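Here is my note on this structure. Please read the points with the model open.

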Amino acid sequence: MDNILTNAIQACTESSVAYSKFITANDAGATGAHQAGFHISKNAWPLFFDTPGQKGDNKDIFVKIRWQDDFETPSRFIYYGKGTRNEYRLTRFGKGFPYLQDGNIGDLLVLAKRETGFYDGYVISGDENIEEFFNAFGISSTETNQLLPKSTELTVEDKLRILFQQFIDSLTADFPPTSELAKGARDIFLEAYGHTTGNVLERPDSEILHWIATEFDLFKAIENNRYGHIIKTPFPSVDELIKTANTLLNRRKSRAGRSLEHHLSEIFNIWELSYTSQALTEDRKKPDFIFPDIETYFKEPADSKKLVFLGAKTTCKDRWRQIVNEADRIPHKHLFTLQQGISGNQLMEMKNHGVSLVVPKPYLSSFPKEHRKDIMTLDSFLIYVSALQ
C-alpha cells in the first residue's frame with residue numbers, strides 16, 4: 001500500500017471530521033471557470049464552519065493545510081451566497097501548487113481536520129489506491145463529495161497493514177537489524193490491539209506468541225516490499241536465482257533465532273528481572289540468559305540455588321544438546337522453545353541431562369500428558385525466577 005494512502009486513511013480515521021471527492025475539470029479551471037479551487041459540496045460545511053452558509057451572505061475562514069505530509073499552504077474556505085451563487089470553495093494555495101493541474105483531474109482529494117484551523121490534505125492517484133481508500137471506509141465511488149462516515153472504524157487487520165507500511169517507510173536500510181525489527185513488531189502489535197505492559201505481566205505466554213507472529217508478518221511485508229518486483233522479473237541466470245533465494249533464506253534463518261531472544265529480553269525487562277544475555281562463560285561459551293547476572297555467576301559456588309540458566313531455541317528436538325555445556329556452574333538448565341510436541345523418550349533424555357523445557361502455555365497440551373508436570377510455562381518460569389531474586 002502506498003504510504004500517502006496509508007497516512008490518508010489514518011488521518012481520516014483519527015480526525016473529528018473528514019471529506020473526500022474526485023478532483024474535477026471545474027476544480028482545476030479546465031472548464032474556463034472564473035475561479036480555480038476545489039469545489040466543496042454543500043453537505044460538507046461542518047468540515048470548516050460551525051453553521052452552514054446563509055443565502056445572501058458570503059463568509060470565509062482562513063486555515064492551514066499540510067499536503068501529502070510535505071508542505072503547508074495558508075488557504076481560504078469560502079461560502080459564496082450573494083447573487084446567484086450558492087457554493088463552497090477551498091482556494092488560495094499559492095503559486096506552483098501542484099494538485100490543481102489537468103493531470104490531477106480524476107484524482108481523489110481527501111481532507112481531514114486535525115484541530116481548529118489545521119488540516120491534513122492528500123491527493124490520491126491510481127485506481128487501486130483510490131479503491132483501497134474507499135474499502136477502508138466502506139464506501140463506493142458514488143459516495144464521494146461528502147463527509148466520510150465516522151461510524152466505520154478500521155479493523156485490526158487494516159491497522160496492522162497501515163502500521164507495517166509506516167514502519168517500512170521509516171527504514172533507512174534495506175533490512176533493519178533484528179533488534180529493531182523485533183521492537184517494531186512489538187510496538188505495532190501494542191498499538192493495533194491496544195495492549196500495554198500490563199498484558200505482559202498478566203499473560204506473558206500469549207503475549208510473546210502475538211509478538212512473534214506479528215514480527216513474522218512484518219518481516220514478510222518487508223520482503224515483499226524489497227523483493228516483490230525482483231521475483232516478478234525473470235532471472236538472467238540460474239546462478240542469480242539461487243543467489244537471491246539464498247539471501248532470502250539466510251536472512252530468515254538469522255532473524256528467527258535472534259527474534260526469540262529479543263522478545264524474551266523485553267519480557268524480562270517488563271517483569272523487572274535481573275539477567276545478563278550472551279555473556280561469556282567457560283571456554284568462551286555464550287549462554288542466552290544467566291539470572292541474576294554474569295557477575296553473580298562467577299561469585300557463587302557451582303549449583304547455587306541463586307543461579308538460573310535459560311537457553312532459547314525456536315526448535316529443540318536435536319539442538320537441545322547445545323546448551324548442556326554452556327554454563328558449568330549451573331548443571332540444571334532451562335530451555336525456552338517454540339517446539340510443539342516432543343516424544344516421551346526424548347523428554348526423558350533431556351531430563352537425564354538436566355534440561356527442563358519452558359514453553360508457551362498454549363503449547364503445553366502438545367506434549368505427552370505424563371511429562372507435562374516437568375515442563376514449565378513462561379509464566380511459571382518468570383514467577384520462579386522472580387522468587388529467587
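1. Contact here means heavy atoms within 4.5 Å. The model is predicted. On that cut-off, helix 1 and helix 3 meet through residues from both sides. Helix 1 supplies Leu5, Ala8, Ile9, Cys12 and Thr13. Helix 3 supplies Asn129, Glu132, Phe133, Ala136 and Phe137.

2. By class, this contact of helix 1 with helix 3 has 7 nonpolar, 2 polar and 1 charged residues.

3. How do the two helices cross? Helix 1 spans residues 3–14 and helix 3 spans residues 127–137. Their axes come within 10 Å, and the crossing angle is roughly 25 degrees. Angles under 35 degrees count as roughly parallel, so helix 1 and helix 3 are roughly parallel to each other. Their crossing is right-handed.

4. Now the domains. The assignment for the protein chain gives domain 1 (3–147), domain 2 (157–264) and domain 3 (276–387).

5. How far apart do the C-alpha centres of domain 1 and domain 2 lie? The separation is 36 Å. To their contact, domain 1 gives 6 residues and domain 2 gives 6 residues.

6. The size of an interface is often given as the accessible area lost when the parts come together. For domain 1 and domain 2, the buried area is about 530 Å², with 48% of it on carbon and sulfur atoms.

7. Which residues in domain 1 lose the most area to domain 2? They are Asn3, Thr6 and Gln10. Together these residues account for 64% of what the domain 1 side buries.

How values were computed. Residues are numbered from 1 along each chain as its sequence is written. This is a predicted model: local features need pLDDT of at least 70, side-chain atom pairs count only at pLDDT 80 or more; totals for chains, interfaces and linings use all residues. Side-chain values use heavy atoms; hydrogens and water are left out. Axes are lines fitted to C-alpha atoms, for helices over the stretch in contact, and angles run from 0 to 180 degrees between N-to-C directions. Helices (H or I, at least four residues) and strands (E, at least two) are DSSP runs, numbered from the N terminus. Angles under 35 degrees count as roughly parallel, over 145 as roughly antiparallel, 65 to 115 as roughly perpendicular and the rest as oblique. A crossing is left-handed if the near helix is turned anticlockwise from the far one by less than a right angle, and right-handed if clockwise. Ala, Val, Leu, Ile, Met, Phe, Trp, Tyr, Cys and Pro count as nonpolar, Asp, Glu, Lys and Arg as charged, and the others, Gly among them, as polar. Domain bounds come from an automatic or database domain assignment. Buried area is the accessible area (1.4 Å probe) that two parts lose on being put together, summed over both.
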